[in-house]
Amino acid sequence: MEPQEKKEKFIPTGAMAFFIALVVLSLLFWYGIYSLMIERS
Amino acid sequence: MKIDKFEKRVLIITLSVIGLFIFSLLYAKNKYQTDLPECLPYNKVYTEPRINKLDSTTYQVFSVASMWQFEPGEIYVPVGSEVDFYLTSKDVVHGFNIAQKNVNMMAVYGSINKTTVKFDKPGVYDIVCHEYCGVGHQSMRAQVIVNYPTAK
Amino acid sequence: MQVSKTFKRIIYLELAIPVALLIIGIYHGLMQTVYRAGVLHQTSFLKLDYYQGLTLHGVINALVLTTFFAVAFGHATMAFYFKKEPNKKLMWLSFWLMLTGVLLAAATMLMGKASVLYTFYPPLKAHPLFYLGAALLIVGSWVPLFDWVRMYNAWKKENPETKTPLAVLGTLINFIIWFMCTLAVAYEVLVLLIPWSMGWTKTVNVNLARTLFWFFGHALVYFWLLPAYIMFYTILPKVAGGKLYSDLAGRIALFLFLIFSIPVGVHHQYSDPTITRGVKFFHGLLTYGVAIPSFITAFTIAASLEYAGRKRGAKGLFGWMGKLPYLNKDKYLFGYFICGLILFVFGGVTGIINSSYSLNNVVHNTAWLPGHFHMTVAGPVFLGIVGMSLYLYAGMSGKKIFMPSVNAIIPYLWMIGMLIFSFGMSWGGLRGEPRRTNLGISYLNPESAQFRPDWVPTTTIALLGGFIMFLAGMLFVVVFFGTIFKKKTEEGQLDIPVAEAFHDEKRVPLFDRFKPWLAAMVVIILLAYIPALINVNKNSGPGAPRYNIDNPMPVENKTETVKP
């Protein structure tokens, strides 16, 4: 069991990048259906 | 209370995306009249199936869903018509879906649903029942036939 | 933690009975894809009718499996964190009520007298014992909440300044949501449907029944999801070899679920009559609110996994994704969790689309809908349930896993099958393919006037996915029962991995107290549902008489003798 450091350095840059990718995917899917809706209106 | 700065950024991004979606929906509603079905109070005048031609390009269809058909089953309108669909059910819950035209309504006993469609392109449009309504559900389908006024 | 024989017996029953029922539940999933692809052009196969099978599939997989597991996992969580077992009499009471309910419902479904699907919308009528069975299952699941609250209050008295453990908070919040939302469906079933199905009342207001059902129905999916979220926040980081990036984020997410899970139900009724666009839009906005805690969770879990990956030496922006125990036989829970999370990416995104007001016109009741919800309830929820069931059983019984290498790949096989299945369903849905329909008779029958050749590729893809999932599901049943039949190799223990928090966050009283949040929950529910119920009352006409599934004429109104 390693000793807990006083200030453990960890910046979640990868998680942030993943989150941005998730948002981009959401936008792609959402606007895909949105444009389908407009096309059919 | 200390909230992690990355979690804060995540919250801001999420709220912005939600704001974007709300704006886009309102924009489409305004520009293209995309909206959910219209709510009408019940009146038994809507329970008689029929088609009313108001003028050469304006129609009213009073659709009654039942086990296992839509009445009227075939609706002929000319290209460029605007059609008001009024919908109710004579028995169980049915669906009413014209996929190519964003028409998506539930037919419920004792209630009236309404939507308006503009048929700009000729063709045969299926009206599909998409809510389970008993053993004949998969055979329940009507059609809107949209053709040029000179053709019959 | 050492646990008593009684505790073990009850948990084993609550875990194993639904897994056994999964044999029927998953078989009927496969059969749907077979009929829908037009492989069969018939109304039934091996004496089970399509819609009967569809009802069994929904009830077993989405109501029985999920409820039994939530109760069992709740008992295990509360016992483990408080180091005290729940009251045994109440545990048995809960179990027997739920089991009796399941037996009643199962009997009526298998006899073909309840082919009304798991939503049982009137005025399609089921046998009264079906509704009674559903009510007993629900009431049985209420019992544990009261005992757990007693346990929590006792613990709080001894530990007034200690943060409530996140897993305990999640369990209590989950069951509070469940209790609140099931009040509506209990009313629908006991007051509206049972007397009507018995012929004592002549008609039922269908719109009211639907509105009450969906008051329950959306919160139901959070009842399914929250146990998986508890696993993602409190177990996954440990199994992955990391730490939970922010414990506070988990608490905030849970309290947001508490206030937003219920007042959004009308987004399932966007196509319904009697409810105004204004109320529908308001529920749509609230639904965006309930999406927020899921986005918070996505980031927080990713950060926790990134920490685990970097601890193993990963470099670069995405290198951490490669350094996780995907196929480690001893850490098989990681596989079950990560496959669920991957599916949930697509399940969550498609869910946001469905709730986006007018976008719903494109997808409602098409095959897109089951495409969406299989990537949620049959994604993280299902995989979390079965993975954790195996883990809890093996640990408490002191047995080794049967076929551990096979067990390690089951979630991946399931995930691949699901991605294929949902792709086919989503694409088909966008082409107008309806859900809840035996397509093989008409739309996928080349001899029929309704034949739709453009639905052939989409239903075939769904069939392929369905077959792969069936395989994975059956392998799991074999692993689970194979483990049961193994001999004990060590002393059994109740042991749940507990993730450490990365930030040593101080207790924040606001996110460790129920009263303000319960008050907010009630206020928002009233704001969301009073207008909806007023709408329904104002715009509804006459109520509907009873209809059997095979007859367009309503059932004559004479009192039905109730035969089991």
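**Notebook: chains A, B and C**

I began where chain B meets chain A. Eleven residues of chain A and 13 residues of chain B make up this contact. I sorted the chain B side by class. The side that touches chain A holds seven nonpolar residues, five polar ones and one charged. I note here that I am working from a predicted model.

**Chain C against chain B**

Next I looked up the contact of chain C with chain B. Here 47 residues of chain B are in contact with 56 residues of chain C. Which elements of chain C give two or more residues to this side? I found five helices listed by name: α6 (206-234), α8 (247-260), α9 (277-311), α11 (360-363) and α16 (515-539) of chain C. The largest share comes from α9(C), with seven residues.

**Chain C as a whole**

I stayed with chain C and asked for its secondary structure. I get 16 helices and two strands.

I checked burial next. In chain C, 59% of the 564 residues count as buried. Then I looked at contacts within chain C with a separation of 6 or more. Of these, 85% are between residues 24 or more positions apart.

**Chain B: domains**

I went back to chain B for its domain assignment. It gives domain 1 as 1-35 and domain 2 as 38-147. I looked up the distance between the two centres, taken over C-alpha atoms. The centres of domain 1 and domain 2 of chain B are 35 Å apart.

**Chain B: a hairpin**

My last stop was strand β2 (residues 50-55) of chain B. Is β2(B) buried or in the open? I counted with the cut-off of 20 or more other C-beta atoms within 10 Å for a buried residue. None of the six residues of β2(B) is buried, so the strand lies largely in the open.

I then traced its partner. Strand β3 (residues 58-66) of chain B pairs with β2(B) in the antiparallel sense, over five bridges. The two strands form a hairpin, with two residues between them.

Conventions
Residues numbered from 1 in each chain as written. Chains lettered and ligands numbered in written order. Predicted model: local features only at pLDDT ≥ 70, side-chain atom pairs only at ≥ 80, totals over all residues. Buried ≥ 20, exposed ≤ 12 C-beta atoms within 10 Å, placed from the backbone. Helix = DSSP H or I, 4+ residues; strand = E, 2+ residues; numbered from the N terminus. Pairing = 2+ DSSP bridges. Contact = placed C-beta atoms within 7 Å. Nonpolar A, V, L, I, M, F, W, Y, C, P; charged D, E, K, R; others polar. Domains from an automatic or database assignment.
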